[in-house]
2 protein chains.
Amino acid sequence: MDKVTVLFFPDNLVANVEPGTSVLRAATLAGVELKSNCGGDGTCGRCLVKVKDGNVRLKSTGAVSQKAKQAGMVLACQTMVEGNVVIDVPKDSRLDEHQVLLDEKEVLVEQDEGLAEGYAIKPVCRKVKLSLTEPTLTENVSDWNRLQAALRSELDCGEIHIALPVLRELAETLRAGDWDVTVTVAQLNGCAEVVHLEPGHSDRKSFGLAVDIGTTTVVVYLIDLDSGLTLGKKGTYNKQARYGDDVITRMIHASDKKGGLQDLHKAVIDTINQLIDEVLEQSQASGDDVHMAMVAGNSTMTHLFLGLTPKYIRLEPYIPLAAETPPVRAEELGLNINPTAFVATFASVASYVGGDIVSGTLVTNMAQSDEITLFIDIGTNGEMVLGNRDWLMTAACSAGPAFEGGGITFGMRAMKGAIEYVEIDADTYEVKVSTIGKMKPMGICGSGLIDCLAKLREVGLIDRAGKIQTDLDTPRIRQGDDGWEFVLVFGEETECNKDIIITENDIKNLLRAKGAVYAGIRSMLKAVQLDEEVIEKVLIAGGFGNFINIRDAISIGLLPDLPPEKYRFIGNSSVKGARLSLLSQDAYHEAQELGKKMTYLELSVGNDFMDEFMSALFIPHTDMTLFPSVTNLK
Amino acid sequence: MDKVTVLFFPDNLVANVEPGTSVLRAATLAGVELKSNCGGDGTCGRCLVKVKDGNVRLKSTGAVSQKAKQAGMVLACQTMVEGNVVIDVPKDSRLDEHQVLLDEKEVLVEQDEGLAEGYAIKPVCRKVKLSLTEPTLTENVSDWNRLQAALRSELDCGEIHIALPVLRELAETLRAGDWDVTVTVAQLNGCAEVVHLEPGHSDRKSFGLAVDIGTTTVVVYLIDLDSGLTLGKKGTYNKQARYGDDVITRMIHASDKKGGLQDLHKAVIDTINQLIDEVLEQSQASGDDVHMAMVAGNSTMTHLFLGLTPKYIRLEPYIPLAAETPPVRAEELGLNINPTAFVATFASVASYVGGDIVSGTLVTNMAQSDEITLFIDIGTNGEMVLGNRDWLMTAACSAGPAFEGGGITFGMRAMKGAIEYVEIDADTYEVKVSTIGKMKPMGICGSGLIDCLAKLREVGLIDRAGKIQTDLDTPRIRQGDDGWEFVLVFGEETECNKDIIITENDIKNLLRAKGAVYAGIRSMLKAVQLDEEVIEKVLIAGGFGNFINIRDAISIGLLPDLPPEKYRFIGNSSVKGARLSLLSQDAYHEAQELGKKMTYLELSVGNDFMDEFMSALFIPHTDMTLFPSVTNLK
Ligand code: FES
Ligand SMILES: [Mg+2]
Ligand SMILES: [Mg+2]
């Protein structure tokens, strides 16, 4: 069949596709990134577009509001092109530009470029300058034996491996440098791997990448392996988002759709490659000089990164294909760095406690301390680690995507135009908001939602169960398509010209999210038979965690009612742990030990968690004695 | 520039090339294999063709005889096409069809399909059938950990490795077989590598290849890894021959010509792939079921097989890039077997004593015996090993290609039409010859040359120095282009309609070849201060060695004057050692130990060898007391 042309406005980007292709697919091909949280099933209602010209066939109407329908909107995923068409893409339906504000802020927050306490720089990948003795007729061992002998006298290592493409360079390299040679060696777990050779004693830099693959965002640091300095940092959205916002939707895509695993593998590799290109350009560095990548991610992300199916992580009894994944070469994955670079990942503890948490725990140093520390990484999932040098327990709860803007009518990620602070007048119920980038508001991000929830309760607009008090005298409270709602900003002041509202349903979703996190913490404490008071430090990681207001978080019952000075934000601990492991063989070793040391508490199995969760669906909690500081509410 | 067409007759094969391309190159591209011993330098005079039509430009006349010139012949390597041309390729200029008679005969010679004494079948690569316990919510280690644990309880192994492409199959394979799984594991040196996975308890066969890469011929055996049976054997000429007949010419091509290393690497891979296809077809087997290849070859062949430069093997102080080469995966080399199959090679002892000799020594079992054994592999080079269970010494002498037909006017390989036996009437000097395949004679193969030399001396046609006795009364002795020559067969009885002659120069080359081998043996004996008599067994390997007449070989002074019953032909010991190593982990281990145990005697260094060589340039030798049985000569 002849292909047809799909033109996207206002981008003027084009895709040539077979008739019968969905507009969502065509958009992906054209490079127009549409929101799509359901993986194209027509249920999330995010991929709204307008057909300006041409013939299409609607598979279903799907989840489109009355209003959108009247405005001529259709779901891109349910709209099949039949001939040449022109499509208008409204701002609301787009993924934001590839710019993660979280990360920019984080750079400011982070002060310390040194290593965590107790670790000295001894990179897992480094250049070794060797001067070999020149062979003679009588001392005539082969080049490779000669190199191994010299390396062994420099390194403390067992077997020395070399890949064929590197070995092929050996003879000429040794002679070009007149038997001086610079060998880049990766050392993990006692084995050494020669990953690169240069003639002579080279002063070329060698770089490593620390990578955090989050479900939502991906962050890449470029590290100078000699000095340990971080030369550049870049973050962006995980391009896998086009196949679904949350891990589960992506797992289903990877498991059940033909070529789905390849889609998701390619999407994350593309994401990382884009960041690599950016970070290299920023630092005027060459990808050829990157000889190692240390990659942290949750189990599913690590699986998808390596092209391993995550299917059985999702299905009971929740078994990963591999908890420890073997190191691979960059070319096996198609990463834009030296093809023979070594790529290592962190072992996961359990299906839902991945290498990112292991890497993060490393950075907290909690396993070196007597103090009992609670480490929480709040993202799409909430993972937590509790313990000290003597014991470590870990658990994961599915907080759901609410804190990242998912499942909330006007939820959005923390980017320009997102409401982050809310003030509500206790008497008039008038609202003042401030947004990221000081722009007209477009939606509400995670920290804004927590703030909003806290303020709604504070002024009595909602009750402890999250019900909107419909008898209050304000035009902001009204009945909407979805039941009762509260108007935060009226359409005339918003970027999208729509009223930005929060519905009772939204509030229910938020309560579930915060309840899950709190119940997780409580379940862990119960398992070790300790009280909240024993926690001496609470470390909050994750892009989202960076910006929440602790008092708000306590007052809605998301975090335990501990003195705020016990709390500390540690930013993206996952990428920091990857950086630390890249720079210290001891740290990488410690991370591997940590993984084995942690006891995993399965929250979906016992009934304790369910009880705790039900009790936590109130603001702040059913049991007010748990929140002594949260009292003076209307 | 527009390409031109070169049509080859009588094959009707075509190449499209740039004007200025040599006819030799065009022939290679078209798939017409021409003889070419000098690598296209115009000096060997083998690549004679006739231009039937079209414009060509002659770079030089090169080494073309008056006769050939008159017949309109030109050297293909010196003939550049200028437009569309038609080329006639005479039979004489072709490499014979891909059929190695040696190998057919060898199958007859070989009686024993069992393993060498002392080894039981325990293949280096085998299928292990496992029944894993199904994971539960509480016993929930990852698939890969589960598999490793089960394997470890079956195998005696250290680390267990797996390549990414195999790991990617793991989750579905385990579940498809309901936690029964068949794992193909390669075990070399303590490490185990998972190379293949099948669901359930599979009864699919698994095959291995034993490969001998000779400079001249390549042999592939297909082995059933369960039963140890050899299912098929195929041999053919090494396609590298188009870049030169001997190792040195090929080394120069690989080192000095642009893309030369790639040319030679590809040529040997193509050769092996052709044999793989043939042997699989013969046995009705699938390449997907071949999971291991064990490859023996001299150092240069092993280097070229892996794409490693052999440049510094050739240049003083003769250093190989790698004496022990790491195992690689079939896909890294492009072999036509399962892409994840493991490919192992034998370590070499020295630059000119390679893995083929190690593999061969393994088969001789000489290192297990008290008897002092001499093992000789005569090919383009002569390699020899002397010793017993207490000591092993090895040396290599460059016999030159004479025994394979190189450097001899009518020399040819042992294939149809080659003279293998010669009888000369002591009175009339009339000659009777017999050829392989009982065809009209085309040339003389190595065993024919030895026979011829012995007979020429026996009847007094040549003296002890190899000089033709020009005063004898026979029309067969005459002056030719190259000085004095003896006519073995007149043109009317030959396939090529040319007189088949042997010149004084040819004889000189043969004396050098036999002198080098004998001098090598003497030098080794001298080095250990022993006499020839202590040798209890002489094992002769190599395709050529298979067919020589021991009495002839002694009477010309090629082999020591020992009782013929001490001699034994062992055929292609290199491929047999590869087979043995494939089928026995102990044997492969022993081979590696053997390599380390052998003392290498460098023959080009000391002066002993030169003295011995000079003394051996006579028939049978300067010192007649060394050959007491060789007396009654005219
Ligand atoms: S409704 Fe279209 S992607 Fe979700
Ligand atoms: Mg994260
Ligand atoms: Mg050989």
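Predicted model: local features only at pLDDT ≥ 70, side-chain atom pairs only at ≥ 80, totals over all residues.
A helix axis here is a line fitted to the C-alpha atoms over the stretch in contact, and the angle between two such axes runs from 0 to 180 degrees between their N-to-C directions.

Look for helix H7 (residues 247-256) of chain A and helix H8 (residues 260-282) of chain A: their axes come within 5 Å and cross at roughly 130 degrees. That angle makes H7(A) oblique to H8(A). On the H7(A) side, the contact is made by Arg250(A), His253(A) and Ala254(A), while H8(A) brings Gly260(A), Leu261(A), Asp263(A) and Leu264(A).

Now move along chain A to another pair. Helix H13 (residues 446-458) of chain A and helix H14 (residues 504-527) of chain A have axes that come within 11 Å and cross at roughly 105 degrees. Where they meet, Leu449(A), Leu453(A) and Leu456(A) of H13(A) touch Ile507(A), Leu510(A) and Leu511(A) of H14(A). The contact of H13(A) with H14(A) has six nonpolar residues, with no polar and no charged ones.

Next come the charged pairs. Side chains of opposite charge can pair when their charged atoms come close. Over all chains, the structure holds 45 salt bridges. One of them joins Arg57(A) to Glu82(A), with the closest N and O atoms 3.5 Å apart. What does this pair tie together? Arg57(A) sits in strand S4 (residues 56-58) of chain A, and Glu82(A) sits in the loop between strand S6 (79-81) and strand S7 (85-88) of chain A, so the pair links parts that are 25 residues apart in sequence.

Time to step back and see how the two chains meet. The contact takes 42 residues from chain B and 42 residues from chain A. Together the chains bury about 3500 Å², 63% of it on carbon and sulfur atoms. In chain B, the residues that lose the most area to chain A are Leu137(B), Arg168(B) and Leu321(B), together 17% of what that side buries.

Charges and polar atoms take part here too. Between chain B and chain A there are two salt bridges, including the one from Glu332(B) to Arg329(A), whose closest N and O atoms are 3.9 Å apart. Twelve residue pairs are in polar contact across the interface. Several elements of chain B each supply at least two residues to the side that touches chain A, among them helix H4 (143-154), helix H5 (164-167) and helix H6 (170-176). The largest share, four residues, comes from H6(B). By class, the side of chain B that touches chain A has 25 nonpolar, seven polar and ten charged residues.

Finally, zoom in on the backbone. The peptide bond from Ile619(A) to Pro620(A) is cis, with omega near -10 degrees, and Pro620(A) is found in the segment after helix H18 (608-615) of chain A. In chain B, the bond from Ile619(B) to Pro620(B) is cis, with omega near -10 degrees. One last stop is Tyr429(A), a residue other than glycine with a positive phi, near 60 degrees. Tyr429(A) lies in the loop between strand S21 (418-424) and strand S22 (431-435) of chain A.

How values were computed: Residues numbered from 1 in each chain as written. Chains lettered and ligands numbered in written order. Heavy atoms only, no water. Contact = heavy atoms within 4.5 Å. Buried area = accessible area lost by both parts, 1.4 Å probe. Salt bridge = Lys/Arg side-chain N within 4 Å of Asp/Glu carboxyl O. Polar contact = N/O pair within 3.5 Å; in protein donor to acceptor, adjacent residues only side chain to side chain. Nonpolar A, V, L, I, M, F, W, Y, C, P; charged D, E, K, R; others polar. Parallel < 35°, antiparallel > 145°, perpendicular 65-115°, else oblique.
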